Amino acid sequence: MGEPSSKGERMFMVLVAAIGWAGLVIQFYVTFTHPNLVNAMPGERVARFFDFFTILTNLLVAVSLTISLLLPESVLGRFLSTNNARSAIALYIALVGVTYNILLRGTHAVDGWTGLAANEITHVIVPVLYIVFWLFFVPKGGLTWKNPIWWLIYPLLYLPYAFIRGATTGLYAYYFIDVGQLGIPAVMFNVATLLVVFLVIGEIVVGIDKLMGSKKLTTS
């Protein structure tokens, strides 16, 4: 599959992509002009923006939808339109929302309306909208119980990047991976716990896919 199957699907994809890009642009402005980075070089400010799993995952949402809309018949467009790819992205962005609102909300100050807007768009609005998109527009029934194992590749690639950035700058993106503050054993425990949560929620995603796929078959 490549081209959106209905006008409603296309319009919803445009909506989510537009909001996603808006949130990223606002957050980039907030990061680049943040008082704590006033003495940092422009390159470091840009790098700091990309330190966060939230940003990378919102970018993944925005880019994937944009490519699916503009280049639906390309190799990448077809891949990003598959149930497998969109289910993986749904898992990633859902974890962004869940992790932030359970573990991180209130742990840092949000400055001004721009900071508040960026924060809510990237941690609440985009996750909710993409999950709605996955539930109502992504065909169901093609996933297997092994898919979530492959979906772990994305967070497993992020973690070394986050640790290297934290070790070189002294600023870790998230407090639960701060080796300097918590020590290696505690951080490894936190990482293992998060990966298990990823895997469990991934299997729940597969279960929902199978349930919705079987219901569609029985009603068709």
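Guide: Two rings of Phe, Tyr or Trp (for Trp, its six-membered ring) form an aromatic pair if their centres lie within 6.5 Å, and the pair is stacked when the planes are under 30 degrees apart, edge-to-face when they are over 60, and tilted for the rest. The structure is a predicted model, in which local features need pLDDT of at least 70 and side-chain atom pairs count only at pLDDT 80 or more, while totals for chains, interfaces and linings use all residues. Residues are numbered from 1 along each chain as its sequence is written, and side-chain values use heavy atoms, with hydrogens and water left out.

Visitor: How many aromatic pairs does a search of the whole structure find?

Guide: The search of the whole structure gives 15 aromatic pairs. One of them joins F53 and Y158, whose rings are 5.3 Å apart centre to centre with 70° between the planes, an edge-to-face arrangement. F53 belongs to helix α3 (residues 53-70) and Y158 to helix α8 (residues 153-169), so this contact ties together parts that are 105 residues apart in sequence; helices here are DSSP runs of H or I with at least four residues, numbered from the N terminus.

Visitor: Are F53 and Y158 buried or exposed?

Guide: A residue is buried under 20% relative accessible area, exposed over 50%, and partly exposed in between, using a 1.4 Å probe and protein chains only. F53, with a relative accessible area of 11%, is buried, and Y158, at 7%, is buried too. A tilted pair is formed by Y92 and Y154, at 4.5 Å centre to centre and 45° between the planes. Because Y92 lies in helix α5 and Y154 in helix α8, this pair ties together parts that are 62 residues apart in sequence, and Y92 is buried at a relative accessible area of 6%.

Visitor: How many salt bridges does a search of the whole structure find?

Guide: A salt bridge requires a side-chain nitrogen of Lys or Arg within 4 Å of a carboxyl oxygen of Asp or Glu, and the search of the whole structure returns six of them. In one, the closest N and O atoms of E9 and R86 are 3.4 Å apart; since E9 lies in helix α1 (residues 7-32) and R86 in helix α5 (residues 83-104), the pair ties together parts that are 77 residues apart in sequence. Both E9 and R86 are buried. R48 and D51 form another, with closest N and O atoms 3.1 Å apart, and both of these residues are buried as well.

Visitor: Which residue forms a salt bridge with R78, and is R78 buried or partly exposed?

Guide: The partner of R78 is E73, and their closest N and O atoms are 2.3 Å apart. R78 is partly exposed, with a relative accessible area of 40%, and E73 also counts as partly exposed, at 45% relative accessibility. Elsewhere, salt bridges that share partners link E44, R48, D51 and R165 into one network.

Visitor: Which residues line the second largest pocket?

Guide: The second largest pocket, with a volume of about 260 Å³, has a lining that includes L60, F79, A88, Y92, W150 and Y154. Two or more residues of that lining come from each of α4 (75-80), α5, α7 (147-151) and α8, with α5 giving the most, five residues.

Definitions and conventions
1 Å grid on protein atoms, 1.4 Å probe; cavity = no way out; pocket = protein on both sides within 12 Å on 5 of 7 lines; lining within 4 Å. Points joined across faces, edges and corners; volume = space filled by probe spheres on them.
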